Amino acid sequence: MTLMQWLIFFLIVQIIHFAGTWRLYEGAGRKRWEAAVPIYNAIVLMKIINRPTWWTILLFVPIVNLVMFPVVWVETLRSFGKNTTVDTILGIATLGLYIVYVNYTEPLNYISDRSLQPNTKAGDTISSLLFAIVVATLVHGYVMQPFNIPTGSLEKTLLIGDFLFVSKFNYGARTPMTPIAAPMVHDTLPIVNTKSYLSWPQLPYFRLPGTEAPEKNDIVVFNWPVDTVYKFFDRSGRRAYKPVDKKSNYVKRCVGTPGDSLSVIDGYVHINGKKLILSDRARPQYAHIVITNGTPLDPAYLLFELGITDGFRQVNATAYEFQAITEEAAERLRNNPVVTSVERYVMDTPDPRTFPYSKNWNIDNMGPIYIPKKDVTVDLNVETLPFYKRIIQEYEQNELIVNGNEIRINGQPTTKYTFKQNYYWMMGDNRHNSEDSRNWGYVPENHIVGKPVFIWLSLDPHKRGLDKIRWERMFTTVGGDGEPVSYFKFFLILLGAYFAIDFFIKRKKKAQQNS
């Protein structure tokens, strides 16, 4: 839905609200017109049902309002004596329209001083649960979201089994574009494994102000732009066309920002003609070919000296292929007495799966590629169109028709195009085992989710019991310089202090009550 369509929808809702509640407002001692003024009518309604004025804000927060609307419907009914179980069910089942019935057909008995405490234990539990859902949804959507690493595309920087907290406020929290969705889940309801949202309607893209923009070397969580997979690990051919904010979450390193000219030369990223210097915490990995003197490499050596458990195969008596090892590990392999040579693998043949699919490029050698910047205009012709076709059609919602050398956008012939938003180039540190911008191109700004800031848990999928926990990675920061430092012991100290203080406070209160 466009902004104008949402405005019309909002005005229709206000008309329905006025028509269905004006008598209730008068019954509560308010003026009839107060039910007709948008936003102000919600503030007045909070006063009528004896709830805080700030509840009004929650009625306009997407996803959160799906919880708040039923609460307000029930509270409104109870403020006029409709507090039976049947009234509650009717209020929710009719999506609030039962209030219209009460407004026109029932004698109004406004209870201004009604008790706001639940009458039953079940009611108290439901009330606490709803409050917890609202708070958790606000935190999840606008402050911090938990996220786990499902694939090895960022090994060894981030590991499979790392559980992260992803900050929403660094880049600015993106308001939900899919307003009818289950809170605190992504695209699938757990257990029942069904879609967690309705694709229609859609809110326009909006992002709250952030403290920074994505920069080169940032690790970024974003929605996979070309996602049509039915489930994340299901590539069986079933397709699902998802709203932007319900596309699968990916995590990669930002290596190109708006306005950059990017090239990949022999596997290394170059920006504006200069090799990109990665942060000292980055642990990029590349495929390598290792030749020995005929003596097999010792698996214990690979495991304990280099930390390599899999991802390699012995080609013949003297040759090994390693899918992903760091250059540091490659140098240590060179010092092994049975190794005669270690060469980093560089693809030397064209790969048609490489963006933009019209060049004789591959993932190790490609470019230069211009990374689009908002409000910048570029030349548009048959040579440049493959770079920007998806942007024009899908990301920026234009009609594109190509007839020979003629390009028409929204019916008008053109040789120029001006970008409506910023774009980024994302790559995995596991350079030969990462599906990233080299395969599908740019990441639009409206697909950016947040910035990982903290690893709160890390589980090794190859181990069991307590050995499964990577203790040295718990409570470590994702960014920063130098070796990651675990703050787990400080967390335990603070947790112990909290329980100790809580114990003594309760003990003191109990002693005062008994005295």
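Mentor: Gladly! Keep in mind that this is a predicted model. Here is some background to start with: most peptide bonds are trans, and most residues other than glycine have a negative phi. Let us visit the exceptions, beginning with the peptide bonds.

Find Trp 200 and Pro 201: the bond that links them is cis, and its omega is near 5 degrees. Pro 201 sits in a loop, with strand S4 (194-195) on one side and strand S5 (219-223) on the other. Now move along to Gly 367 and Pro 368, which are also joined by a cis peptide bond, here with omega about 10 degrees. Pro 368 belongs to a strand, namely S16, made of residues 366-370.

Next, the phi angles. Leu 95 is not a glycine, yet its phi is positive, near 55 degrees. Look for Leu 95 in the loop that runs between helix H5 (85-93) and helix H6 (98-105). With a relative accessible area of 62%, Leu 95 is exposed, because the cut-off for that word is over 50%.

Ile 191 is another residue other than glycine with a positive phi, about 75 degrees. Its place is the loop between strand S3 (188-189) and S4. Ile 191 counts as exposed too, at 83% relative accessibility.

How values were computed
Residues numbered from 1 in each chain as written. Predicted model: local features only at pLDDT ≥ 70, side-chain atom pairs only at ≥ 80, totals over all residues. Heavy atoms only, no water. Helix = DSSP H or I, 4+ residues; strand = E, 2+ residues; numbered from the N terminus. Buried < 20%, exposed > 50% of the residue type's maximum accessible area, 1.4 Å probe, protein only.
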